[in-house]
Amino acid sequence: MAKQAIINEFREAPPRVSEWQRFFRVFFQRKIVLFGLIILALLVLTAIFAPLLAPFSPVTGDMAESLQQPSWKHWLGTDIQGRDSLSRLIYGSRTALAVGFGSVILAGVIGVGLGMLAGYAGGITNMVIMRIIDALMGFPMILLALVISAVLGSGLLNVVIALSVATLPGYARVMHGLTLTIRENDYVLAERAMGASNVRVMFMHILPNSLPSMIVLITIQLGALILAEATLSFLGVGIQPPDAAWGAMVADGRRYLLTHPWLSISPGIAIMLVVFAFNLVGDGLRDALDPRLRGIL
Amino acid sequence: MTAYILRRLLGAIVVLLIVTLIVFFVMQLLPGDPLVIFLGQQAGSGSISQEQLEQLYIKYGLDKPLIVQYWNWISGVVQGNMGESIYYHDDVGGLLLQRFPITLDLGIKSFILYNILGMGLGMVAALRRGKWLDTFSTILSYIGVSVPVFWLGIVLIYIFGLKLDWFPIASYHLPWENFAANIHESVLPVVCLSLMGWAVIARQMRSSVLEVISQDYIRTAWSKGLTERAVVMKHMLKNSLIPVITLMGIGLGLMVGGQVVIEQVFAIPGIGRLLITSVFNQDYQVVQSTTLIIAFIVIVVNLIVDISYGWFDPRIRYE
């Protein structure tokens, strides 16, 4: 009887598991990834519905209510200009996401393009591009972003440009490596034997096949970018007042640290939670999409 | 090995050259008249006549084509002449030299601390997989990459400086001036600076040890009857260090970036603080040279890491 069961088991075809099922199983293997996803969902919702959620205006304060301690009216207190700290925190999510996504898109498109071109073309093109990428990598990321935004001046767009230049070498490096591997596959050879153009090979084969790794990289980068944006605005070169940015809130609250510690502490917790969430989700995606990247990203 | 070192050295020189071009190019992006920017407000306010302005143009070589300006700047830097700060009215090289020991002091302490702690913790986490130290290490590595360094500095100042009064804040002595005070003052900034590197190294070390642990030579070492100490120290440690070594260079880049911020938070008069102050003073001569020097240091350290990598792992040399 038992023997028959074993034989039956062998006769049956392996269970069919769709790609999506496998993806979700691995992705949610660690419960904490779900926690990360929830935080990110809350972040996006907060940013979208900021005007509805914020109890007060983030830019105009009531001077009569300057430097209030946390209370039922002002959950996180008010700053020196009497602005509600919670409202500024809520609006700050918009700044963080705008800079994060803006820089990821700009740096991703340029970085991936350069990396793919260098890896696919090889020879002198490869050498020139990759040497420039190496040189950009020689600068500590935050230093390069700081100097570029200092030179360009403050403002959202300039911060995005500065952070993009500082982070694009990362995409280019990874994409370069991926292109070199994918290029050697037989299906690329077959496609070329059929007379496909270089552009077709790059966009129809190399780019789609590198997508899983790129999604992982982008997710992890989003966290790093939000951290970098906060650092720039903390130093005073990023988003300018009166717009709300978490890093600037930490810097502003510093002067009242002894009497009003929450002014500095609460935006920092927001930054940490968001960056933590992006890292968690990025790690989950990596395990589910491309486990080979473990230890590299 | 010599060929490998030469190849790496050549590569590093090319990269350094491009770095100088990038720094020069970024500075060209400054909007407005470079002379007005370099001289500061006095030139813009009209207190200098047109004639004087033109003389200054010639004096600073700004009438020359860009390529000549670049050459003049770079040959000056090589000879130790980095121009004059418009804010401090002092030689930029001198300013940097004055602050360099301070930055180096904190940097070396953090570098040593995060490498030892990171490797140690990663190793123990892998050997005691699933135990509380492993969980602690995982949590720490997430916190380390998520926490904003500047915020951590402020929180530490609040708790240990203002509330508990355990450590002095906003003071700094060089180690050879007052060693005890220096150590006391370094604790908080060094903890902040090393946390991220600590996290990154521990994470890599853990997965690296886990990989080595299942290798045949480790089983052989155990079955030969070697002590745990011998297996761990002689066979595991050496082999799992290889991927970690590359991270030392990356960690350094992270740390130097953090240092710029931390010197600002703790009011430590190092190169990082000089850079930030100069950004706000629009003292671009200083910004330009400081950026170049920092990039130079990072690249040289990475070169050393690369070369030692080839020494530890001979397979790398023939790639």
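Reply: Asp165(B) sits in the loop between H8 and H9 of chain B. Residues are numbered from 1 along each chain as its sequence is written, while chains are lettered from A and ligands numbered from 1 in the order in which they are written. This is a predicted model, so local features need pLDDT of at least 70 and side-chain atom pairs count only at pLDDT 80 or more, whereas totals for chains, interfaces and linings use all residues.

What makes Asp165(B) worth a look is its positive phi of about 60°, although it is not a glycine. Asp165(B) is also exposed, because 9 other C-beta atoms lie within 10 Å. (Buried means 20 or more other C-beta atoms within 10 Å of a residue's own, exposed means 12 or fewer, and partly exposed is in between; the C-beta atoms are placed from the backbone.)

Chain B has another case of this kind: Ala267(B), not a glycine either, has a positive phi of about 50°. You'll find Ala267(B) in the loop between H11 and H12 of chain B. With 11 other C-beta atoms within 10 Å, Ala267(B) counts as exposed.

Stepping back, chain B has 13 helices and zero strands. Its C-alpha trace spans about 85 × 55 × 35 Å along the principal axes, and 37% of its 319 residues are buried. Two residues are in contact if their C-beta atoms, placed from the backbone, lie within 7 Å. Of the chain B contacts with a separation of 6 or more, 73% are between residues 24 or more positions apart.

Val15(B), Val19(B), Ile22(B), Val23(B) and Val26(B) are buried in H1(B). Their cover includes H6 (123-138) and H7 (141-152) of chain A, along with H13 (284-312) of chain B.

Over in chain A, there are 12 helices and zero strands. Its radius of gyration, taken over C-alpha atoms, is 24 Å, well over the 19 Å of the globule rule for 297 residues (2.2 Å times the number of residues to the power 0.38), so chain A is more spread out than a compact globule. Even so, 47% of the residues of chain A count as buried.

Ala145(A) and Leu146(A) have the most contacts inside the largest nonpolar core, which has 153 residues. Such a core is a set of buried Ala, Val, Leu, Ile, Met, Phe, Trp, Tyr and Cys residues joined through C-beta atoms within 7 Å. H10 of chain A (198-235) gives the largest share of this core, 17 residues. Leaving out residues up to four places away in sequence, Ala145(A) touches Ala162(A), Leu163(A), Ala166(A), Ala228(A) and Leu232(A).

One last stop is H3(A), where Val33(A), Gly36(A), Leu40(A), Leu43(A) and Thr46(A) are buried. Seen down the helix axis, they fall within an arc of 145° (by the directions from the axis to the C-beta atoms), so they line one face of H3(A). Turned away from that buried side are the exposed residues Ile38(A), Ala41(A) and Leu45(A).

Note on methods:
Helix = DSSP H or I, 4+ residues; strand = E, 2+ residues; numbered from the N terminus.
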